Amino acid sequence: MEQKAFFRLIFLIVTAGLIISFTSTNFSHRPTRLLDCTDASFSPLCASRNFLFNKQEPKHDPKPKTKNHHDHASDTPNHPLDPLTVMEINKVRSILFSHALFTSGTPHALHTVVLEEPDKNLVRLWEKGNPLPPRKASVIARVGLDTHVLTVDISTGRVESENSPVNVSGYPMMTIEEMNDITVVPFSNADFNRTILSRGVNLTDVICFPISCGWFGNKEENVRVIKSQCFLTQGTANFYMRPIEGLTILIDLDTKQVIEISDTGRAIPIPGSTNTDYRFEKLVTTGKTRVLNPISIEQPRGPSFVIEDNHMVKWANWEFHLKPDPRAGVVLSRVRVHDPDTQETRDVMYKGFVSELFVPYMDPSDAWYFKTYMDAGEYGFGLQAMPLVPLNDCPRNAVYMDGIFAAADGTPFVRENMVCIFESYAGDIGWRHSESPITGLPIREVRPKVTLVVRMVASVGNYDYIIDYEFQTDGLIKAKVGLSGILMVKGTTYQNKNQVEKDKDGNEEELHGTLLSENVIGVIHDHYVTFYLDLDVDGPDNSFVKVNLKRQETEPGESPRKSYLKAVRNIAKTEKDGQIKLSLYDPSEYHVINSGKTTRVGNPTGYKVVPRATAASLLDHDDPPQKRGAFTNNQIWVTPYNKSEQWAGGLFTYQSHGDDTLAVWSDRDRDIENKDIVVWYTLGFHHIPCQEDFPIMPTVSSSFDLKPTNFFERNPILRAAPNYEHDLPVCGVQSVSA
């Protein structure tokens with residue numbers, strides 16, 4: 001047995017070395033065909049999954065086919081904000097790799113290749129039929145150990161650089177190729193392999209996952225590093241529930257070399273695989289639970305929305321530009337609503353998207369303290385968007401949109417079914433009123449609420465984030481975040497709560513989470529999703545108003561009442577006036593108004609941010625992760641529009657020191673009254689895991705609204721038509737018995 005293990009070890013080391021040698025060379029080859037993410041040969045470029053994850057043959061379950069896919073190789077841009085096409089990405093690649101920066105033989109990789117958006121004023125003035133502004137690409141590249149920010153003029157072939165190489169504390173978000181490379185690096189290290197074998201585990205049953213390490217100084221200073229932790233795949237697809245606890249590998253991201261191995265968990269058993277699998281075909285259906293019959297929305301006349309020129313969505317009284325993005329996931333632009341009274345199409349929002357996600361775990365131990373992820377700036381929220389599953393991620397009446405992104409060598413690839421758009425009806429009511437019989441008026445007026453939903457899902461490692469933008473006919477936009485997927489768990493020696501040690505005062509040992517199953521702790525953590533909202537209410541010149549509800553005492557003899565509430569309006573003059581911490585005991589509304597546009601009776605037109613259930617960070621502001629995530633210190637920020645200020649954690653988030661964040665910009669305290677302003681809203685979740693989250697979590701959601709406030713002269717859906725039986729399809733229904 002020892003001899004077999006030795007030869008197996010030698011074979012794995014040699015194989016891993018060959019793989020690393022192949023994947024870490026610079027991309028001198030130039031593939032000519034478009035990457036297709038349905039082709040297994042390109043899967044490492046299309047998903048952040050280790051190739052070891054896919055060692056089992058995939059099941060060929062029958063799946064409904066979507067009808068919207070076409071040959072993206074022939075796409076052309078039709079709008080100033082359309083994403084780069086396949087042809088444009090290929091041209092950018094050709095221009096760059098003929099440039100002196102990339103012809104020296106120094107290893108290089110393209111971390112971002114996206115549209116360099118034209119100036120806002122040009123886009124606002126552009127109308128369909130006009131020539132497009134010059135098409136340019138914004139590129140972030142690593143050449144050797146340097147980061148470069150480049151602008152490529154696609155028509156002229158000119159390459160412009162901005163402060164290249166850049167001199168900042170952070171690095172670009174990782175490429176998918178880097179993430180895949182890191183999964184095999186530990187197996188090239190003999191000490192790591194000996195550590196695994198000493199646990200009685202086969203190396204072929206182990207997978208390792210790349211984990212961004214934040215910044216704490218010391219080992220993270222002046223070198224681009226990542227940490228890797230490993231799991232046992234034996235007996236389950238849910239390897240996350242089988243951590244090899246305490247084993248952490250520090251890796252140089254540029255050289256793909258192991259710097260250090262920390263092993264503090266030798267005494268902790270690897271949790272078992274029993275009851276961890278979540279796949280339908282692996283579950284046994286038992287008990288008396290009634291099975292739900294399939295449900296679907298039928299639209300016999302087809303959908304009520306259209307998508308013009310691949311990216312322009314028009315539905316009911318709404319129109320907006322929609323595009324996938326490798327970092328933000330989905331970007332909404334030029335959001336406008338039709339006013340039924342004035343017959344004008346009016347501006348609401350110039351641009352909105354998820355700017356950053358901050359996910360700090362609450363365990364200070366050596367194997368956990370660094371788990372403070374920035375999922376957009378480190379991993380790429382859009383790069384981690386998995387193809388949506390028809391009938392399950394999105395209903396039957398959904399239409400799908402693909403993302404076109406660039407691989408690290410500049411080759412374009414397709415992320416199919418990345419976004420879905422569909423009309424939703426959940427039986428909700430748009431508005432209603434029924435008159436009491438005492439009035440003698442037989443009135444029962446009700447209107448159904450039908451909405452339009454834009455959805456994407458990012459699977460960032462173990463967690464799945466569901467992002468919905470929901471448009472209502474009354475002018476309201478709801479931004480909703482759902483959390484699902486699998487917990488990041490910690491191995492423990494405990495199998496039952498009664499084993500947890502207590503001190504002399506009866507206080508239990510700090511587990512930093514909840515014991516979910518034998519030898520498994522779900523670690524407490526937070527999620528913060530920060531949205532960038534460039535509201536342009538009836539145009540770009542807006543103001544932010546805090547409308548505070550205050551208790552007013554009545555004067556003696558004034559009224560039988562002793563107190564009432566009044567609304568006190570305060571216009572934010574500077575950025576610090578727009579820094580808002582939400583509080584139940586300081587009830588306020590938060591309006592964005594256009595004082596230059598008023599209603600018939602004189603109210604300034606506006607939209608308000610309506611918070612729902614949320615959470616606030618409790619971390620010390622001087623804690624290194626919170627310095628980087630300082631954009632979560634407030635739930636609302638307001639800044640003057642600046643094209644370079646879009647990413648709340650900074651353009652270069654990976655290992656940043658927190659010196660280029662929304663909090664830093666806002667502390668400049670610039671004027672924001674009657675200016676082109678941006679509202680930033682952070683939706684937060686505290687997550688104390690519970691057993692119902694094991695082995696996979698039911699979705700938990702929260703949201704916030706952008707609601708018209710004196711924007712319309714009256715109820716904009718007053719003329720909405722009710723539903724009538726003769727307009728709906730007749731479906732056969734089986735009898736229901738008790």
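Modeller: Tyr425 lies in the loop between strand S17 (412-424) and strand S18 (429-434), where strands (E, at least two residues) and helices (H or I, at least four) are DSSP runs, numbered from the N terminus. This is a predicted model in which local features need pLDDT of at least 70 and side-chain atom pairs count only at pLDDT 80 or more, while totals for chains, interfaces and linings use all residues. Residues are numbered from 1 along each chain as its sequence is written, and side-chain values use heavy atoms, with hydrogens and water left out.

Tyr425 counts as partly exposed because its relative accessibility is 40%; on this scale buried means under 20% relative accessible area, exposed over 50%, and partly exposed in between (1.4 Å probe, protein chains only). Leaving aside neighbours within four places in sequence, Tyr425 is in contact (heavy atoms within 4.5 Å) with Ile297, Pro448, Lys449 and Val450. The C-alpha atoms of Tyr425 and Thr451 are separated by 6.7 Å, although these two residues are 26 residues apart along the chain.

Pro340, in the loop between strand S13 (329-338) and strand S14 (345-360), is 378 residues from Leu718 in sequence but 9.4 Å from it in space, C-alpha to C-alpha. Not counting residues up to four places away in sequence, Pro340 touches Phe712, Pro716 and Arg719. For the chain as a whole, 69% of the contacts between residues at least 6 apart in sequence join residues at least 24 apart. The chain has nine helices and 33 strands, and buried residues make up 51% of its 738 residues.

One residue also carries an annotation. UniProt, in an unreviewed entry, places the feature "modified residue: 2',4',5'-topaquinone" at Tyr463; such positions are given in the numbering used here, feature names are shortened, and annotations may be inferred rather than shown by experiment. Tyr463 is found in strand S21 (residues 463-472) and counts as buried because its relative accessibility is 3%. Its contacts beyond four places in sequence include Tyr361, Leu483, His525, His527, His687 and Met697. With one of these, His525, the side chain of Tyr463 makes a side-chain polar contact of 2.7 Å, a term for a pair of N or O atoms within 3.5 Å of which, within protein, one must be able to donate a hydrogen and the other to accept it, residues adjacent in sequence counting only if both atoms are side-chain atoms.

On a 1 Å grid over the protein atoms alone, a cavity is a set of points where a 1.4 Å probe fits but cannot get out, and its lining residues have an atom within 4 Å of a point. The largest cavity is lined by 17 residues, of which Tyr373, Asp375, Val460, Gly461 and Asn462 lie nearest its centre. Two or more lining residues come from each of strand S6 (206-211), helix H7 (375-379) and S21, with S6 giving the largest share, three residues. By class, this lining has 12 nonpolar, four polar and one charged residues, where Ala, Val, Leu, Ile, Met, Phe, Trp, Tyr, Cys and Pro count as nonpolar, Asp, Glu, Lys and Arg as charged, and the others, Gly among them, as polar.

A further loop, between strand S30 (604-611) and helix H8 (624-628), holds Ser617, which counts as buried because its relative accessibility is 18%. A polar atom of the Ser617 side chain lies 3.4 Å from the backbone nitrogen of Leu619, and a polar contact of 3.1 Å joins the side chains of Ser617 and Gln626.

Some backbone details also fall in loops. Lys256, between strand S8 (243-252) and strand S9 (257-263), has a positive phi near 60° without being a glycine. Asn519, between strand S24 (513-517) and strand S25 (520-523), likewise has a positive phi, of about 70°. Finally, a cis peptide bond with omega of about 0° joins Phe694 and Pro695, and Pro695 is found in the loop between strand S32 (675-687) and strand S33 (697-709).

Definitions and conventions: On a 1 Å grid over the protein atoms alone, a cavity is a set of points where a 1.4 Å probe fits but cannot get out, and a pocket is an open set with protein on both sides within 12 Å along at least five of seven lines; lining residues have an atom within 4 Å of a point.
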